[in-house]
Amino acid sequence: MKIIDILNRKDMSLSFEVFPPKRETAFESVKLTAESIAANNPAFMSVTYGAGGGTSRYTLDIAKDIEEKFGVPTLAHLTCVSSSRAMVKEKIEEIHAMGIENIMALRGDLTPELEKTDPTIWDYRHAVELIREIKESGYDFCIGAACYPEIHPDSSNQREDIKYLKEKVDAGVDFLTTQMVFDNNLFFNFLYKIREAGITVPVLPGIMPITNANQVERAIKLSGSFMPQRFKAIVDYFGSDPDAMKQAGIAYATDQIIDLYANGVTNVHVYSMNKPDVAQAIMGNLSNILWKDFGVKE
Ligand code: FAD
């Protein structure tokens, strides 16, 4: 099933994200983890792509497994920056052959090793080129892409970032998912600006439940996201008690999701980070809200 068809529905939905293992020895356990998350019956699940494509085989194997066993539609992430055109074309063929209908088209991060190489020999510099490549394949994929309410770190300003985002969407993107946001107002401000710029596709806010204090620093370093004082106080107060921090982190993420739903957003993407218990707890907190149509989408 195509994700855009799910996003066009009027009921409230949640999707979850899993990441594949780095080593083959961990494959079976990550597959079981992904299955436990899929058992919650989310609207769809996204499976990330290891930087540099090292774990690309596992991305598709896990996505296929979830679809087959649970009937949950999957979104296979694909990055392009460190790949040759031949590799990318082969991957697109493989995704199609496996019957996966949704691709999250990404550039990928510029690692320090990559930055040392000569960019004139790269086949892809930006996600927009991958999106064009997918379109040129002639297969009817539903295409997702990333966006950044707090600006991508490579951009010098938001106007420029949104200009390139529009170019990406115009190349054939069906929906966007945001980098993690911990303050919903930043998401709403961003949504207003991109709508003004003529970007009309559905946008899924990305919510990361922070369930242990060590995750905070990593999450901020990775995303550059703003951490509101209200959340900092939770970490300061409960961070030294793992059970309390987990409960408070799930409650904070749930609260963010309810606020998004209550303000007209119908689909939220949760960075569930291979944690089935967290995915299940959030689903449980929303059990009387999910899959209902509250008439917010005309
Ligand atoms: P782009 O859209 O190419 O944008 C990158 C930068 O280049 C931006 O500053 C943009 O403004 C600028 N830009 C874009 N087009 C042009 C142009 N034509 N000319 C000049 N500048 C331009 N990484 C992984 O390795 N694997 C994953 O599975 C993964 N999943 C992700 C999922 C989500 C929802 C998000 C938000 C990020 C994910 N990432 C993943 C991280 C992502 O690869 C990085 O954030 C990367 O640095 C940018 O990817 P992009 O697709 O947004 O790039």
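**Close-up 1. The buried residues of helix H2 in this predicted model are Phe27, Val30, Lys31, Thr33, Ala34, Glu35, Ile37 and Ala38.** Their cover includes strand E1 (13-18), strand E2 (45-47), helix H3 (56-70) and helix H12 (276-285). Helix H2 runs over residues 27-38, and its end C-alpha atoms lie 16 Å apart, in agreement with the 16 Å that twelve residues should span at 1.5 Å a residue.

**Close-up 2. Lysine 69 joins glutamate 35 in a salt bridge of 2.8 Å, N to O.** Here lysine 69 belongs to helix H3 and glutamate 35 to helix H2, so this pair ties together parts that are 34 residues apart in sequence. Have a look at glutamate 35 itself: with 11% relative accessibility, this residue counts as buried.

**Close-up 3. Lysine 69 also meets aspartate 65 in a salt bridge, again with 2.8 Å from N to O.** Aspartate 65 and lysine 69 are four residues apart in helix H3, which means about one helical turn separates them. Aspartate 65 is buried, its relative accessible area being 9%.

**Close-up 4. Arginine 85 and glutamate 133 form a salt bridge at 2.6 Å, N to O.** The two partners link distant parts of the chain, 48 residues apart: arginine 85 sits in helix H4 (residues 85-97) and glutamate 133 in helix H6 (residues 127-136). Arginine 85 counts as partly exposed at 36% relative accessibility, whereas glutamate 133 counts as buried at 6%.

**Close-up 5. A network of salt bridges links Lys2, Glu101 and Asp140.** For context, the whole structure holds 13 salt bridges.

Key. Residues are numbered from 1 along each chain as its sequence is written. This is a predicted model: local features need pLDDT of at least 70, side-chain atom pairs count only at pLDDT 80 or more; totals for chains, interfaces and linings use all residues. Side-chain values use heavy atoms; hydrogens and water are left out. Helices (H or I, at least four residues) and strands (E, at least two) are DSSP runs, numbered from the N terminus. The expected span of a helix is 1.5 Å times one less than its number of residues. Buried means under 20% relative accessible area, exposed over 50%, partly exposed in between (1.4 Å probe, protein chains only). Contact means heavy atoms within 4.5 Å. A salt bridge is a side-chain nitrogen of Lys or Arg within 4 Å of a carboxyl oxygen of Asp or Glu.
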